[in-house]
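Colleague: I would like a close look at one helix packing in this model. Please take it slowly, then place it in its wider setting.

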Amino acid sequence: MKHNILISTAMAAVTALAFPAQAQVVTGTLGSPSATTTIEGRQLPNPDPKFGGVIKDNALDSKIWWAPRITPPASAPNVLLIITDDSGFGVPSTFGGVIPTPTMDRIAAQGLRYNRVFSTALCSPTRAALITGRNHHSAGFGVISEQSTGFPGYNSIIAQDKATIGRILVDNGYATAWFGKDHNVPAFAASQAGPFNQWPNGMGFEYFYGFIGGDANQWQPNLFRNTTQIYPFLGTEPGKWNLVTAMADDAIDYMTRIHQIDPSKPIFIKYAPGATHAPHHPTKEWVDKISAMHLFDDGYNKLRDKIFAKQKALGIIPQNATLAPWPEKFIKPWDKLTPTEQKLFIKQVEVFAAYAAYSDYETGRVVDAFQKLGKPENTLVIYINGDNGTSAEGGPLGTPNEVAFFNGLNAIPAETQMKFYDVWGTEATYNHMSAGWSWAFDTPFDWFKQNASRLGGINQNMVVSWPGRIKDNGALRQQFIHVIDVVPTILEAAGIREPEYVDGIKQKPIEGTSFAYTFDAANANVPSRHKVQYFEMFGQYALYDDGWLLSTAVNRAPWEAFGAANPDPLNNQVFQLYHLDENFNQTDDIAKANPAKVTEMRAKFMEEAKKYQVLPMDASVASRIVAPRPNITAGRTNFVYTRPMVGLPQGDSPNILNSSYTFTADIEVPASGSADGMIVTSGGRFGGYGFYIKDGKPVFLWNMVDLNRIKWAGTDVLTPGRHVISFEFKYDGLGVGTLAFNNMSGLGRPGTGVLKVDGKPVQTVTMPHTLPMILQWDESFDVGSDTLTGVNDADYLPPFKLGAKLNSVTLNVDRPQLSPADIEKLKAGMAAASDGAAAPKPHGAMH
């Protein structure tokens, strides 16, 4: 085959990635059907080349010419990027944990271990940084998409001037795919009405199989193939189908299919299991395996000590490191728990551990298949443990239902939880574990997910293998690396430059620094090239500066998400200072001895905050969940549905929380056959409402996060013919308007509901409390039937299609409006709270 080399006249000498731009390389005869070319890459998509053939009046006198097919450089590797969820430093066996993670162990033995890999402390933000190479605020993800607000750093929109790694690679000739968790689709753009430009398929990933929200029921997930919702679990026996296995199967099918079609085409896969984010849903087989190992019988205090000792033995932390004191002020030591609490907590953690081990095993199947795709020496595998530290959102007691936490119920007594003991981790729970285990799993660090100023929230670990490049197998790397460094590393490995324009839009420079230099044994101990990095989440923040770390003291545990927020999070802080080169795990606060350094680093943080869209600082947490967003229901108070419809996600469906509302259903009961079925529902087994007909009688039901169900029911069977049934709810509260004054008193208040048939009341019930924040996130708003789980298993099982003819169902929402007197009172309360917040104290005053 003839080979020609063409040098682009527009080539630059050096790119932002600090390696020479590739010359364009053509294989085959230019113009022939088999010709390929690499591209210079400054502009994506690559401009169409000028026609190089000859056109005469007739075809016989003319010469054909085909544009060459775009391919990456011949040395470009297959790339498998794996990131797990809510997993702290001490979870995997590879880094001292007791949970077996043989896949991670194997990749470490084949390549390198990294002990200074940093996240943003939260899911969506880390993932946005990971796929763009920009800081999370730069990418619009200062918080998770469900908490987005109308500021550039917080709107959950990845702007067009920040192309993802998927987009860059696909335009350079890679096949690209994404499996598992997304969480970077704005919650207000997640419906089938689109737009889809923020979905994986719209951001350069040719194939997507996974869920777009923050969590998913692994037994009955809100699952998509590309942008179409699918239900592969329907018809299977409960407990048999699980997304962890199904996702691995689909990934293996995809990569095998693509490789068979075109063996020369390199593949990039982002593989993002839901594990170990709540709900923890492993199979019974894995729960039995872990339970038989009795890993946790001695409790979380001794588990922490065991992990710490193993980490020293492995040489992944310094021998002189010491542990921070146990946080007794808010997590009881193991020996002070009741026998019931100990029994429950062991069940909780065994299910968590089974979930982690199960996920690592299935990931191993994917890694095996990927490494067998024809070029094992040129396969780059990056396996990041955790998008943040271990989650403590179950609170000190854990919970059978994570949705309860997001509605402020974070202290369900162990005795109440014990009724779920035998089904913990099955489809009957949306479970999370005690924060005591989370603290232990973040060893050698302290604190958790959400805590951006503590290493327990942000210091992850990682293993990397690339047989053709990495030779000192099993070695440890200790350079500072942030998730924004992954994109430039992959680009350098592939020999692909950072684009300057994508779709004609000037790109913001990638903010990460390639760590490909660490792949070489000669660079094992060289200083990190990533020198400065800020961290911020919910008003807690830190700054890393070449070994120094400025931190704000923790003033809120992750489960303390409700109540007034710090009104001045930028300045109203206790500042701590650490030298991580000398104090690996952030236990020796030297701020008092170095006031000038604290002042210097505070100023540097402000520079970074202004540069990367961190401002305005906002310490609120739960209140941002119910903040208004530009979804398709924004500003609407009237909704009419005239035919069945399912799958409208929570972020795009009518929100009736903290409001008065009326559902009115115009139906026709058949003369023969059943009228039973769902009229309208939102949410599911773990929180939501349903308006339906059961045994011929109308029912409205509120599922109060699976702890209680409040029900209105008609006493008479509906006669054949047309009926108008309605549910009118009068809310007794000020609503979400109080949030503008740093006050949550308007949320979750009582209200009275009336069920009517043909205008006549049939039952009136007052709810002493209402759900303040969310319904079940991974369930949808459905009309005419019910998808996934139902709100009351005792009454029906999905899909529960409506037997009556639905003429229409109408929803009218009456949201409370603040009066002038309300506003003045709230202003006075906010001023008093601000005056009282002048001298914050670190939570627990542990350091």
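Modeller: First, the ground rules. The model is predicted, so local features need pLDDT of at least 70 and side-chain atom pairs pLDDT 80 or more, while totals for chains, interfaces and linings use all residues. Residues are numbered from 1 along each chain as its sequence is written, and side-chain values use heavy atoms, without hydrogens or water.

Now your pair. Helix 1 covers residues 102–110, and helix 7 covers residues 339–371. Their axes are 8 Å apart and meet at an angle of about 40 degrees. Helix 1 and helix 7 are therefore oblique to each other. The classes are roughly parallel under 35 degrees, roughly antiparallel over 145, roughly perpendicular from 65 to 115, and oblique for the rest. Axes are lines fitted to C-alpha atoms, for helices over the stretch in contact, and angles run from 0 to 180 degrees between N-to-C directions. Helices (H or I, at least four residues) and strands (E, at least two) are DSSP runs, numbered from the N terminus.

Who touches whom? From helix 1 come Pro102, Thr103, Met104, Arg106, Ile107 and Gln110. Helix 7 supplies Asp360, Tyr361, Thr363, Gly364, Val367, Asp368 and Gln371. Contact means heavy atoms within 4.5 Å. By class, the contact of helix 1 with helix 7 holds five nonpolar, five polar and three charged residues. Nonpolar means Ala, Val, Leu, Ile, Met, Phe, Trp, Tyr, Cys and Pro; charged means Asp, Glu, Lys and Arg; the others, Gly among them, are polar.

Helix 7 also packs with helix 4. Helix 4 (residues 243–261) and helix 7 have axes that come within 9 Å and cross at roughly 10 degrees. Helix 4 and helix 7 are therefore roughly parallel to each other. On the helix 4 side, the contact involves Val244, Thr245, Ala248, Asp249, Ala251, Ile252 and Met255. The contact of helix 4 with helix 7 divides into ten nonpolar, two polar and three charged residues.

Next, the annotated region. UniProt places "domain: Sulfatase N-terminal", from an unreviewed entry, at residues 77–496. Such annotations may be inferred rather than shown by experiment. Over residues 77–496 the chain is 31% helix and 13% strand. The end C-alpha atoms of that stretch are 11 Å apart.

Strand 8 (residues 175–181) is mostly covered, with seven of its seven residues buried. Buried means under 20% relative accessible area, exposed over 50%, and partly exposed in between (1.4 Å probe, protein chains only). Strands pair if DSSP finds at least two bridges between them. Ala177 bridges to Ile269 of strand 12. Gly180 bridges to Gly210 of strand 9.

One loop needs attention. Ala121 sits between strand 7 (112–118) and helix 2 (123–132). Its phi is positive, near 90 degrees, though Ala121 is not glycine. At 0% relative accessibility, Ala121 counts as buried. Most residues other than glycine have a negative phi, and most peptide bonds are trans.

Now the open sheet of strands 4-17-18, whose pairing is mixed. Strand 4 (43–44) and strand 18 (505–506) are its edges, each with a single partner strand, so one side of each lacks a neighbour in the sheet. Strand 4 runs parallel to strand 17 (residues 501–502), joined by two bridges. Gln43 has Tyr501 as its bridge partner in strand 17. The peptide bond from Leu44 to Pro45 is cis, with omega near -10 degrees. Pro45 belongs to the loop between strand 4 and strand 5 (69–70).

Last, the four-stranded open sheet, ordered 19-20-21-22 with antiparallel pairing. Strand 19 and strand 22 (575–579) are the edge strands, each pairing on one side only. Neighbouring strands of this sheet are turned by 15 degrees on average, direction ignored. Strand 20 and strand 21 (residues 548–552) share four antiparallel bridges, and Tyr544 is partnered with Leu549 of strand 21. Phe538 lies in the loop between strand 19 (532–537) and strand 20 (540–545). Phe538 has a positive phi of about 55 degrees and is buried, with a relative accessible area of 4%. Helix 13 lies across strand 19, strand 20, strand 21 and strand 22, at about 105 degrees to strand 20.
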